[in-house]
Amino acid sequence: MGQNMQMAEEIRNRQDVILKDWMAYQLSALTLRRDLLKESELRDTARRFLELFSEAFATTADSSSPAWKPVKDNLAEISKQRALLGFSPSETATFIFSLKQPLFDLAQQSIGQDVKRLAEVFWDLTTLLDKLGLHTTEVYQESREGIIHRQQQELMELSTPVVQLWDEVLALPLIGTLDSARTQVVMENLLQRVVETGARIAIIDITGVPTVDTLVAQHLMKTVAATRLMGADCIISGIRPQIAQTIVHLGVNLNDIVTKATLADAFHVALQRVGATVSKAAPA
Amino acid sequence: MAVLRDELIGLRSMDDIIKARQLVRECAIFLGLSLVDQTKIVTAASELARNAVVHGGGGEMRLQALNDGSRRGVKAVFVDNGPGIADIELAMKDGYTTRGGLGLGLSGSKRLVNEFDIESKPGKGTTVSIVRWK
Amino acid sequence: MERIPILKMGPYLLVTIQVDMHDRVAMTLQDELTERIVSERAQGVLLDISSVDVVDSFIGRMIGNIASMSKVLDAETVVVGMRPAVAITLVELGLALPSIKTALNVDAGMTLLKAARKTSTNGRASR
């Protein structure tokens, strides 16, 4: 590991030069996202990383050793941040891979004509940087998965808004398909709002539901039944012609449920039931 | 699989059904289950505890709070030494009843939980195990 | 043993269930309620279950029975105040109680009973 000690010395002493070259490579790379990251921020990140890198490299070139933990942690932070900012995996990994050239240049300058030693140092550096690059990608992947999971949950909440249309009248515009997990969220939201507002009628609008199969119909009927148990009535609106056809072909029985073609029709029925009338103002 | 809590209660009388319900509720709250999920597991436990008392001639409930690393859940196992069930498939059908009830005990509680296992042989009693994950 | 109080409110009876439903308490309630409907000549029953946090198939069946029995005695039953979590669980259990009248709270239940009475009296008058 003699060469490595020598390399480590070189890296430690010449951090400024490496940083300058490294920055040049990163700034000229096609994958740089100037729209997402300022040059000054990138420089700070790179400088901090290089300090940690040279410290760990002075101990060993084996990235699985505990000495490399601070470097990996730092890299994980960078990856997570880039995943959040919307960088692609290759844009994120470029940070590490663009460090290869400056380090190779440095090795060449300090070792000179000794081809055998040069090859050994190149190999060590390549292996090391590849491993760090893979680490970057893995953390990136994990962060993306975390983001997707959180977005799914948010979507679930967002996609089931319950709005009050009138005193005692609620509407639930459903968008997307209904599986059992979502049905439970929909029911909870709807019933909670029924309690809060003292609603007597809830209109479930399925204009935004692409297909109604037996399972979706079952979930709809469960929601209607639970609402009824609380003491409020449901009207299902937004039934498109082909959905009406599928419902009949599937033999789904919606006879006990009031259905209307449009939300406007359903609203009209709801107003009648709560004893409200809406009329056009007389011209002044 | 780590077991965070482990309790055992006898099921002999109607009072024990209520005790079983309260114990399951406590455990579900301890694990932070949502109100709807709490209600579902407590209702399922009530059905199965009543089965053990009424049909099984008494038995016991073992209640565990589980943590399998990524999620936490309530597990309840009901054991009785009653006459057992000859045809489990038939007993699991909606509306099947031996005592003029609604016949929703077994099939209904299965729909309220994430995992449902039943083992029974005539003359050897019945064991039903349910889990509701958070 | 605990008993569930039955209060008279005008022509109606109000039953508020506040104890954890014991099977025997439920049976006693059925007996007492049917007797009171007859002795008070009650026109309707409000069954307030807003404090009940679990309804299993036994309690569900008891609620159904009370409604059917009172109907035979010409008194309509309205179940009021069911909690959202209980409603969701009952539906999943397969016990949607389709023949039972429901209302959000005691006030709404009272309005429902009055309206039902009016239509049925009108019906009689026109015959």
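Start by selecting β4 and β5 (residues 125-133) of chain B: these two strands run antiparallel and are joined by 7 bridges. Strands here are DSSP runs of E at least two residues long, helices are runs of H or I of at least four, and both are numbered from the N terminus. Two strands pair if DSSP finds at least two bridges between them. Now click on B:Lys121, whose bridge partner in β5(B) is B:Gly125.

Before going on, a word about what you have open: it is a predicted model, in which local features need pLDDT of at least 70 and side-chain atom pairs count only at pLDDT 80 or more, while totals for chains, interfaces and linings use all residues. Residues are numbered from 1 along each chain as its sequence is written, and chains are lettered from A and ligands numbered from 1 in the order in which they are written.

**The sheet in chain B**

Next, show chain B as a cartoon. The C-alpha atoms fill a box of roughly 40 × 25 × 25 Å along the principal axes. Chain B has a radius of gyration of 14 Å, which agrees with the value near 14 Å for a compact globule of 134 residues. That radius is taken over C-alpha atoms, and the globule rule is 2.2 Å times the number of residues to the power 0.38.

**Where B touches C**

Bring in chain C. The contact takes 20 residues from chain B and 18 residues from chain C, with two residues counted as in contact if their C-beta atoms, placed from the backbone, lie within 7 Å. On the chain B side, α1 (14-30), α2 (35-54) and α4 (105-112) each give two or more residues. The largest share, 9 residues, comes from α2(B). That side of chain B divides into 8 nonpolar, 6 polar and 6 charged residues. Here Ala, Val, Leu, Ile, Met, Phe, Trp, Tyr, Cys and Pro count as nonpolar, Asp, Glu, Lys and Arg as charged, and the others, Gly among them, as polar.

Zoom in on α4(B) and helix α3 (residues 84-93) of chain C, which pack at about 125° with their axes 8 Å apart. That makes α4(B) oblique to α3(C). Axes are lines fitted to C-alpha atoms, for helices over the stretch in contact, and angles run from 0 to 180 degrees between N-to-C directions. Angles under 35 degrees count as roughly parallel, over 145 as roughly antiparallel, 65 to 115 as roughly perpendicular and the rest as oblique. Select B:Gly108, B:Arg111 and B:Leu112 in α4(B), which meet C:Thr89, C:Glu92 and C:Leu93 in α3(C).

**Over to chain A**

Last stop: chain A, with 11 helices and 5 strands. Its C-alpha trace spans about 95 × 55 × 35 Å along the principal axes. The radius of gyration is 32 Å, whereas a compact globule of 284 residues would have one near 19 Å.

Finish with helices α8 (residues 180-197) and α9 (residues 214-230) of chain A, which pack at about 25° with their axes 10 Å apart. So α8(A) is roughly parallel to α9(A).
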